[in-house]
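Subject: Structure handover

Hello,

Here is the structure I said I would pass on. My notes on what was found in it come after.

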Amino acid sequence: MLDSPFRLRLPPVFSVLRVCRNNTCASSALPESSFSAWSRGDLEEGIRLAEAAVRTEPDCAGNCEALARAWYAALLVRVRRLSSAALILAEVDELSARSDADGGTAVVSLLGAADLAFARGDTSAAVDLAARGADRARRAGLHGFLPDAHTVLALSALRQGDMSVSAQFADQLRDYALLGRTAHGPSQCAWAAAQLLEVRGGPASAAQLIAGIATDDRLLLELLTSQPTAAAWLVRATRKLGDEVLARRVVAGAGALAVRNPELCSVGAAAGHAAGLLDGDPDGVLAAAAAHQDPWAAASAAEDAGKFLAARPAERQRAVEAFESAADGYAGAGAPWDARRVASRLRALGVRRGRHPQYAGRSGPDAGTLTNTEAAVAELVSQGFTNSQVGERLFISGHTVAFHLKKIFRKMDVASRVELTRAWSRVPGASREGARAS
Ligand SMILES: [Zn+2]
């Protein structure tokens, strides 16, 4: 941890929004305590304190109400509790419409919504919101927000396969991270830059940044607490560089975070994914795919499992299933570039996908976006079958059923089998579709 080139500071929402700083104002004090807890890896405590700040009746004329909400929403997005985050962000938006003298609340509202859209897999909306947020920040002289906005723009471009845009951002984000130009979160800029550099010039061109993140305890913690896809990415990247020690370090860091925060599924899934990758364990990685709260992360876990399975001739069918899940997952997560890569993995196994998945971002419950397999799973689950019974009928494993089910829940916007059964009964012709699809 000696001589880290990165500096960690309070996120811009703390320094830019005009808050009262009264010792008596809980709306301003609790978010800062939450930031401290979060930064040392006590994520559940961080969320609890952030929520308490939002529940507190504001007792001052400052912008503290907006700060409390923006911070809580940011944490909810990080742990992928996306519906709750959307509700809180709507309140921030309302506050910005009511009183926003310096324009800070509007910027916070737009960038929070951009993060949410990205997490949800709607990269088109994420680009639009981040560009508007960056524009407003620039016009209001709030340059501290630009690294965050550019990170979302760059990563969205990468997922969409817009390589010229993502290449433009690579050097800029690296400079933000290394020159201390981020108002906070240098790890996220560094990680985004590493991804872009790797795509542009191979793993070696990102080696310095990757090692910079993985060897710095504080930076690694900051990244693992903000990005559920980071642990697995770092394990893949450090392995490509042939650095097993760094890969183990990342897995240990992610594992420790999961042990400390047992109630956060997103953190557990990230740790399981990273550990499964390190051990070359396809079932561990598939379990992580089912547990991931982030659609892109779930797809990447399915792809990783597929790679392990494809290396074993006897597991060819499971490899195909995993890759098909990954291709659907990426397509639904606004990541056509990744979906195309998986399609070529499937071709290598002799499988051509007959029907191109929809690449547009998802919005709202819509049974029309379910794949044939998902529709069949939804139908059988609605009839009351267990995962293993569904698997027997569709000739797929229970793991794969769980993975499909997770995507069905997301697409149908339901949280349980009971809710799914209810929603499914309202889909016209769903039953017949599902029965035919197997
Ligand atoms: Zn206050």
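Of the contacts in the protein chain with a separation of 6 or more, 65% are between residues 24 or more positions apart. This is a predicted model, so please read what follows as values computed from predicted coordinates. The protein chain has 24 helices and zero strands. Of its 438 residues, 54% are buried.

Gly 112 sits in helix 6, which covers residues 104–120. Its relative accessibility is 17%, and the cut-off for buried is under 20%, so Gly 112 counts as buried.

Next, a helix pair. Two packed helices are described by the angle between their axes and the distance between the axes. For helix 11 (residues 203–214) and helix 13 (residues 230–240), the angle is about 125° and the axes are 10 Å apart. The two helices are therefore oblique to each other, and their crossing is left-handed. On the helix 11 side, the residues in contact are Pro 203, Ile 210 and Ile 213; on the helix 13 side they are Trp 233, Leu 234, Ala 237, Thr 238 and Lys 240. By class, this contact has six nonpolar residues, one polar and one charged.

Last, helix 22, which runs over residues 398–412. From first C-alpha to last, its 15 residues reach 20 Å, close to the expected 21 Å at 1.5 Å a residue. How much of helix 22 is buried? The count is 11 of the 15 residues, so helix 22 is largely enclosed by the rest of the structure. The buried residues of helix 22 include the lysines Lys 406, Lys 407 and Lys 411, along with Thr 400 and His 404. Val 401, Phe 403, Leu 405, Ile 408, Phe 409 and Met 412 are buried as well.

Which helices cover the buried residues of helix 22? Among them are helix 16 (282–291), helix 17 (295–310) and helix 18 (316–332). Helix 20 (372–382), helix 21 (387–394) and helix 23 (417–425) also contribute to that cover. After helix 22 comes Asp 413, which has a positive phi, near 60°.

Regards

Key. Residues are numbered from 1 along each chain as its sequence is written. This is a predicted model: local features need pLDDT of at least 70, side-chain atom pairs count only at pLDDT 80 or more; totals for chains, interfaces and linings use all residues. Side-chain values use heavy atoms; hydrogens and water are left out. Helices (H or I, at least four residues) and strands (E, at least two) are DSSP runs, numbered from the N terminus. Buried means under 20% relative accessible area, exposed over 50%, partly exposed in between (1.4 Å probe, protein chains only). Axes are lines fitted to C-alpha atoms, for helices over the stretch in contact, and angles run from 0 to 180 degrees between N-to-C directions. Angles under 35 degrees count as roughly parallel, over 145 as roughly antiparallel, 65 to 115 as roughly perpendicular and the rest as oblique. A crossing is left-handed if the near helix is turned anticlockwise from the far one by less than a right angle, and right-handed if clockwise. Contact means heavy atoms within 4.5 Å. Ala, Val, Leu, Ile, Met, Phe, Trp, Tyr, Cys and Pro count as nonpolar, Asp, Glu, Lys and Arg as charged, and the others, Gly among them, as polar. The expected span of a helix is 1.5 Å times one less than its number of residues.
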